[in-house]
Amino acid sequence: MAVPDPPSLSQAAPGVSTARRGEDDLSPTAKPQVAEDRTGNPPSRFSLRLSAAWWRNLQCVGMGLHYMAPPRPPNPDFTKSVSSTVSQRRGEFTLHFYVPAEYDRESSQRWPAVINFHGGGFTIGSATDDARFARFIVERSKAIFISVDYRLAPEYPFPTAVEDGADSLIYVIKNAEELRIDPNLLATSGFSAGGNIAITAPMLLHLLKKTQPVPEYTVLAIVTFYPITDYTLSRAERRADSVKPDATLPASLTNLFDASYLFPPGLDLGDPCLSPNKASDELLQASIPPNVFFYTCEYDMLLREGEFLARRLEQPPISKRVFYTMVPKVTHGWDKSPNPVRPPPKTDNIYRECSTRLGKVFNGNNPRYMLERPRRVPPPPLPKREK
């Protein structure tokens, strides 16, 4: 018997009050331009830390139930601690490595690698959250799966998470020989907030290459699940444009995410490493790899902005190979539901399809692994007719 999500907990949990100055003070046609336009006067950073700690504990319980469903997800084979070099906020974060059964450090074989970023609004979550996806990547893509425990807000607001993402790529590239990784067979992946980092970390690394030396590398693909891609859209605007507004994340939680990550108040919401939808064609063309696997959810408030970016990436002048899938009749984060009896529906099929196609990308030089035609993004919906 399926265990339903506990809406009462979500609604009653501490977060940021929905009655706040910020988005509500904007005119109906105005777009948030800086962080203060979205968050108004949020609670103190200390208060945000307390709320984030509550949600992190709650999420640990939910993920514990998620892990119980058979087959149990794997544990990391080993971890590496990485000192930050890109961020001005010095510190350390951890990489969790999941390796194929054939992996042998003494062998001369070099493996593809997928650098992954977990979800959680840049505020909650951990690197082991995507262990079920890791199993498919390791077994079907025949790649090393590296999940990044990037530093979280409110302790570390933007751009720390993206900088840690770029740092994780730099670490893998510089230590490829020791890790037995082929630095020209890399991909990034991520879910929700992590889906944003999967896009923006390669973008930031591309920008960093202009000012500092980076060894040769090639990111062949991005895999992004239900990412947030445009912070200049208000949460209210997103909910109003949703297929099922009542199925979106509660405002108390999304307000906490925004107040925690979008700091200081004058932060430009159009920064391309925050809102990749606002990146120039030139930056997207130069920094986004040739293959993009893009997944959205029908009942998600992030559906439209995700479709917009996927459509933009596949069309000229950017012209990437986009494999787009809108998962019907599911909510944001459906694949992480806390059901201890069975994995969420559709998850295994989608993970299997994605990991198989990604394996074909890694084997692109072999005629046996020629890619099929990409799955195109649907045209934008027609405007609603006024009654």
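Biologist: Which residue in β4 is the bridge partner of I115?
Modeller: This is a predicted model; local features need pLDDT of at least 70, side-chain atom pairs 80 or more, while totals for chains, interfaces and linings use all residues. Residues are numbered from 1 along each chain as its sequence is written, and side-chain values use heavy atoms, without hydrogens or water. Strand β3 (residues 111–117) runs parallel to β4, joined by 5 bridges. In β4, I115 has as its bridge partner I146.

Biologist: Which residue of β4 is the bridge partner of H96?
Modeller: Strand β2 (residues 92–98) pairs with β4 in the antiparallel sense, over 5 bridges (pairing needs at least two by DSSP). Strands are DSSP E runs of at least two residues, numbered from the N terminus. The partner of H96 in β4 is S147.

Biologist: How many residues of β4 are buried?
Modeller: Strand β4 covers residues 144–149. Buried means under 20% relative accessible area with a 1.4 Å probe, protein chains only. The strand is largely enclosed by the rest of the structure, because the buried residues number 5 of the 6.

Biologist: How many aromatic pairs does the structure hold?
Modeller: Phe, Tyr and six-membered Trp rings pair with centres within 6.5 Å. Ring pairs link a cluster including Y98, F145 and W334. The structure's total of aromatic pairs is 21.

Biologist: Are the rings of F225 and Y226 stacked or edge-to-face?
Modeller: Y226 is buried, as is F225. Their ring centres lie 6.4 Å apart with planes at 70°, so the pair is edge-to-face.

Conventions:
Buried < 20%, exposed > 50% of the residue type's maximum accessible area, 1.4 Å probe, protein only. Helix = DSSP H or I, 4+ residues; strand = E, 2+ residues; numbered from the N terminus. Phe/Tyr/Trp six-rings, centres within 6.5 Å; stacked < 30°, edge-to-face > 60°.
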